[in-house]
Amino acid sequence: MSFPVLRERAEVADDTVSVTVPHPRRRRARRGGSPWVAAAFAAPLVIYLLVFYLWPLVRSIDLSIHDYTVRAFVQGDAAFVGLDNYIAVITSPTFLPALTNTTLFVAVSLVFQYAIGLGLAVFFRSHFPLSGVLRGLFLVPWLLPLIVSGSTWSWMMNSDNGIINSVLRAMGAAPINWLTSPDTAMTAVIIANIWLGIPFNLVILYSGLQNIPADLYEAASLDGAGSWRQFWSITFPLLRPVSAITLLLGLVYTLKVVDIIWIMTRGGPADTTTTLAIWSYREAFGTGQPDLSPAAAVGNILIVIALVFGFVYLRAQRRQENS
Amino acid sequence: MTVRRAWWKTGLGLVFTALMLFPVYWMLNVSFTKTSDLRLSPPHLFPIDPTLEGYTAVLGQQLPNLGTSLLIGLGCVALTVVIAAPAAYAVALLNLRGGRTLNFVLLVAQMIPAVVMAMGFYAIYARAGLLNSVPGLILADSTVAVPFAVLLFTAFMGGLPRELLQAARIDGAGAWRTFVSVVLPLSRNSVLTVALFAFLWAWSDFIFASTLARNSALKPITLGIYSYIGNNTTQWNAIMATAAVASIPAAILLVVAQRYVAAGVTAGAVKD
């Protein structure tokens, strides 16, 4: 699931004024109030972060450097094995395919989500009757629980009774075993994931478009530039910072996707939809026997990858803020 | 000319929206289909001869799960607001030392994959006896909402008019009094936004539910649907009916609070 990250001053679409955040004053006047009062107000959050973020993370590192069998898990006497779990994971025959699948899943999803989202944002930029309502309806896929979307797509892609194959048959094409054939399973989950990500891209890119001054377009059309030319000469270049942020944020979120793939294929058939996140989930919880140590090792590798791109994102955003 | 062009765009917009929402329509269509018609090829495109079989099954089997999800969602909202709002007040208005660092930590926290958090929680809960419990799920689900909530509150409160706060101080109100009587009422919209998201995320959660409450007597609705898929693959009308019922909060949200939703998504990914 993707969710927004917040920065000072949210710029929102015209019909979303209510939560628009006014500009904070950069330099605050020193006001009274002891630092202890401030600390007291923040204390619950700090304790919360230590107990419910740091502790689980420390536990997952702890899991990955010990050999936790189910018995050791209960008794708490797992043997320390250092980096053995990491070595075992990286040299495992599942690792390279999982890495390739992750890359493929993320890259293809992002390209299509972004392209379709941008196309729709430009389309909705010009106001027409009902445009606000229709744009609102585009949020639906993003709001639905993933289990709902996942099971709906599964049924639509069902080999024998799915609507997609019915349409293919009606058009005289051969039906496709979307979720059960190793050749198409990845395509199938990517299609569902693109559908899920379009609202997020649309909303952010649309609000980015609102910040491009309208007189630029007026000047361009006076100079005789058509809408295609206007898009490539004005919209696309001026939207670049927002595009970068949208893509990087999408990347961090897509890396950790578990739900939709798990619900549709459980990483199968024959591991063709097993990404790193799915692999980790399956080792830990997908079978009757939780194998937490290797699962934690895979998960921690995933954290490192996510954080690398996360920092690139934070830098891109800071640069945009300073510009 | 311009008017005709605009309506032409509306037509195109309707087509796009219909394509985008087709899966949702299909879910509803299947949910009204008779079990005997599920395997028809080609399937009925419209719910001709609709049945409530699926919905009867939902009421019979999933009602407790819906209640559990409601409870978890509300608990998550309460916990998130109680933890996040005071902290944001400290960062935005009380010059908390290390406020910037805290913001950074929260941004990074949002990037940690839920799978890893689930494993950590599993290990902790197994010892603490919190597996398969509603409080355990509320705590785990809140980790998705809390960082977002603090960041949103901080941005909002940072923009409140200083004059009001100073007036409160001149009137002799302490920090706590100012927070409760001035800051919180003024932040109503942001509290609403946070509450909506916290509820929706908790309601929709699958990863924590499927890892921390696998053998729970009180299952959230997402697990109810999941075990449906696993157990009776023939009753897709019941699965889709449950899915439709599970989508009700999202539908309410969209109708009642669309502007807050859009604001929450955009909040900050973009700066002017």
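1. A residue is termed buried if 20 or more other C-beta atoms lie within 10 Å of its own, exposed if 12 or fewer do, and partly exposed in between, with C-beta atoms placed from the backbone. Val146(B) is buried on this criterion, because 27 other C-beta atoms lie within 10 Å. The residue belongs to helix H6 of chain B, where helices (H or I, at least four residues) and strands (E, at least two) are DSSP runs numbered from the N terminus.

2. The structure is a predicted model, in which local features need pLDDT of at least 70 and side-chain atom pairs count only at pLDDT 80 or more, while totals for chains, interfaces and linings use all residues. Residues are numbered from 1 along each chain as its sequence is written, and chains are lettered from A and ligands numbered from 1 in the order in which they are written.

3. Chain A contains 15 helices and two strands, and 45% of its 323 residues count as buried. Chain B has 13 helices and zero strands; of its 272 residues, 52% are buried. The C-alpha trace of chain B spans about 75 × 70 × 30 Å along its principal axes.

4. Contacts are defined by C-beta atoms, placed from the backbone, that lie within 7 Å. In chain A, 67% of the contacts between residues at least 6 apart in sequence join residues at least 24 apart. For chain B, residues 24 or more positions apart account for 77% of the contacts with a separation of 6 or more.

5. Between the chains, 100 residues of chain A are in contact with 99 residues of chain B. Helix H1(A) gives the most to the chain A side, with 18 residues. That side divides into 68 nonpolar, 22 polar and 10 charged residues; here Ala, Val, Leu, Ile, Met, Phe, Trp, Tyr, Cys and Pro count as nonpolar, Asp, Glu, Lys and Arg as charged, and the others, Gly among them, as polar.

6. Within chain A, the axes of helix H1 (residues 35–64) and helix H15 (residues 292–322) come within 7 Å and cross at roughly 120 degrees. The axes are lines fitted to C-alpha atoms, for helices over the stretch in contact, and angles run from 0 to 180 degrees between N-to-C directions. H1(A) is therefore oblique to H15(A), given that angles under 35 degrees count as roughly parallel, over 145 as roughly antiparallel, 65 to 115 as roughly perpendicular and the rest as oblique. The residues making this contact include Ser60(A) and Leu63(A) of H1(A), and Leu292(A), Ala296(A) and Gly299(A) of H15(A).

7. Met119(B) touches Ser60(A), Leu63(A), Ala284(A), Leu292(A), Ala295(A), Ala296(A) and Gly299(A), residues up to four places away in sequence not being counted. Met119(B) is also listed with Ala84(B), Tyr89(B) and Ala198(B) as touching the most other members of the largest nonpolar core, which has 172 residues. Such a core is a set of buried Ala, Val, Leu, Ile, Met, Phe, Trp, Tyr and Cys residues joined through C-beta atoms within 7 Å. Helix H6 (residues 134–157) of chain B gives the most to this core, with 16 residues.

8. Which residues does Val146(B) touch, not counting residues up to four places away in sequence? They are Tyr48(A), Thr80(B), Ile83(B) and Ala84(B). Val146(B) and Val81(B), 65 residues apart in sequence, are 7.9 Å apart C-alpha to C-alpha.

9. Arg39(B), in the loop between helix H1 (2–31) and helix H2 (53–61) of chain B, is exposed, with 12 other C-beta atoms within 10 Å. Its C-alpha atom is separated by 10.0 Å from that of Trp236(B), 197 residues away along the chain. Trp236(B) is one of the buried residues of H12(B). In helix H12 (residues 236–246) of chain B, 11 of the 11 residues are buried, so this helix is largely enclosed by the rest of the structure.

How values were computed:
Two residues are in contact if their C-beta atoms, placed from the backbone, lie within 7 Å.
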